[in-house]
Number of protein chains: 2
Amino acid sequence: MIRHVVMFTWKPEATEEQREAVAAGLAELPGAIPQIRRYEYGPGMNPGNKDFVLVADFAGPEDFVVYRDHPAHRAFIERCVEPIAEDLARAQYRLPG
Amino acid sequence: MIRHVVMFTWKPEATEEQREAVAAGLAELPGAIPQIRRYEYGPGMNPGNKDFVLVADFAGPEDFVVYRDHPAHRAFIERCVEPIAEDLARAQYRLPG
């Protein structure tokens, strides 16, 4: 299993409506991209840390690449995330077992 | 359930031995801190992204604080992580369900 982790901060100009559109858009992706095994995301709880986190699990690196390059995922990032996210941190790692 | 996520980059001067001591130190913590429910960590797979990731789950915010402030955890961070980690990103979020 491969885990993909993304965290970012909201830009100061991000509206509440735009922030909600990120969670709403993420909720659609597992239905569109069957390679997603687990998909757990939400707003950060502690000021001074990152504002939003996504943890996504895949059967293997190939499935992660299908997800990464999937048109539904790319469109979501361009439309909902890039306009209001900054200081984005990401990594992929192999889950034990 | 509360999830705590940390990612960082190795400093250029980090040795292989020091990097391995991070994973070895993390392996000890669930035995020392029973508040840890799940603890999944490893080196990042893709250059240009973060070099190391930890995802830790707790029953609630109080358990996370016990972990965060636990002497075994603080000693591990001071001894093993701070000397060789930079660009650290972290967040906590509430898992659904």
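UniProt positions are given here in the numbering used for this structure, feature names are shortened, and annotations may be inferred rather than shown by experiment. With that reading, an unreviewed UniProt entry lists residues 2-93 of chain A as "domain: Stress-response A/B barrel". The model discussed here is predicted. Chain B and chain A bury about 2,100 Å² between them, and a search of the whole structure finds 8 salt bridges over all chains.

**Annotated region of chain A**
- The record, an unreviewed entry, assigns the domain to residues 2-93 of chain A.
- Over that stretch, chain A is 40% helix and 34% strand.

**Interface between chain B and chain A**
- The size of an interface is often given as the accessible area lost when the parts come together.
- Of the roughly 2,100 Å² that chain B and chain A bury between them, 62% is on carbon and sulfur atoms.
- Met45(B), Gln92(B) and Tyr93(B) supply 28% of the area that chain B buries against chain A, more than any other three residues.
- The contact draws 25 residues from chain B and 25 residues from chain A.

**Salt bridges**
- Side chains of opposite charge can pair when their charged atoms come close.
- The total over all chains is 8 salt bridges, and the count between chain B and chain A is 2.
- One pairing joins the side chains of Glu40(B) and Arg3(A), at 2.9 Å from N to O.
- This pair crosses between chains, with Glu40(B) in strand β2 (residues 38-43) of chain B and Arg3(A) in strand β1 (residues 2-10) of chain A.

**Helix packing in chain B: α1 with α3**
- Helix α1 (residues 16-32) of chain B packs with helix α3 (residues 71-81) of chain B at an angle of about 175°, and their axes are 10 Å apart.
- Angles over 145 degrees count as roughly antiparallel, so α1(B) is roughly antiparallel to α3(B).
- On the α1(B) side, the contact is made by Ala21(B), Val22(B), Gly25(B), Leu26(B), Leu29(B) and Ala32(B).
- On the α3(B) side, Ala72(B), His73(B), Phe76(B) and Cys80(B) take part.
- By class, the residues of this contact between α1(B) and α3(B) are 8 nonpolar, 2 polar and no charged.

**Helix packing in chain B: α2 with α3**
- The axes of helix α2 (residues 61-69) of chain B and α3(B) come within 5 Å and cross at roughly 50°, which means that α2(B) is oblique to α3(B).
- Tyr67(B), Arg68(B) and Asp69(B) of α2(B) meet Pro71(B), His73(B) and Arg74(B) of α3(B).
- The contact of α2(B) with α3(B) has 2 nonpolar, 1 polar and 3 charged residues.

**Helix packing in chain A: α2 with α3**
- Helix α2 (residues 61-69) and helix α3 (residues 71-81) of chain A pack at an angle of about 50°, with axes 5 Å apart; α2(A) is therefore oblique to α3(A).
- Tyr67(A), Arg68(A) and Asp69(A) of α2(A) make the contact with Pro71(A), His73(A) and Arg74(A) of α3(A).
- The contact of α2(A) with α3(A) comprises 2 nonpolar, 1 polar and 3 charged residues.

Notes
Residues are numbered from 1 along each chain as its sequence is written. Chains are lettered from A and ligands numbered from 1 in the order in which they are written. This is a predicted model: local features need pLDDT of at least 70, side-chain atom pairs count only at pLDDT 80 or more; totals for chains, interfaces and linings use all residues. Side-chain values use heavy atoms; hydrogens and water are left out. Axes are lines fitted to C-alpha atoms, for helices over the stretch in contact, and angles run from 0 to 180 degrees between N-to-C directions. Helices (H or I, at least four residues) and strands (E, at least two) are DSSP runs, numbered from the N terminus. Angles under 35 degrees count as roughly parallel, over 145 as roughly antiparallel, 65 to 115 as roughly perpendicular and the rest as oblique. Contact means heavy atoms within 4.5 Å. Ala, Val, Leu, Ile, Met, Phe, Trp, Tyr, Cys and Pro count as nonpolar, Asp, Glu, Lys and Arg as charged, and the others, Gly among them, as polar. Buried area is the accessible area (1.4 Å probe) that two parts lose on being put together, summed over both. A salt bridge is a side-chain nitrogen of Lys or Arg within 4 Å of a carboxyl oxygen of Asp or Glu.
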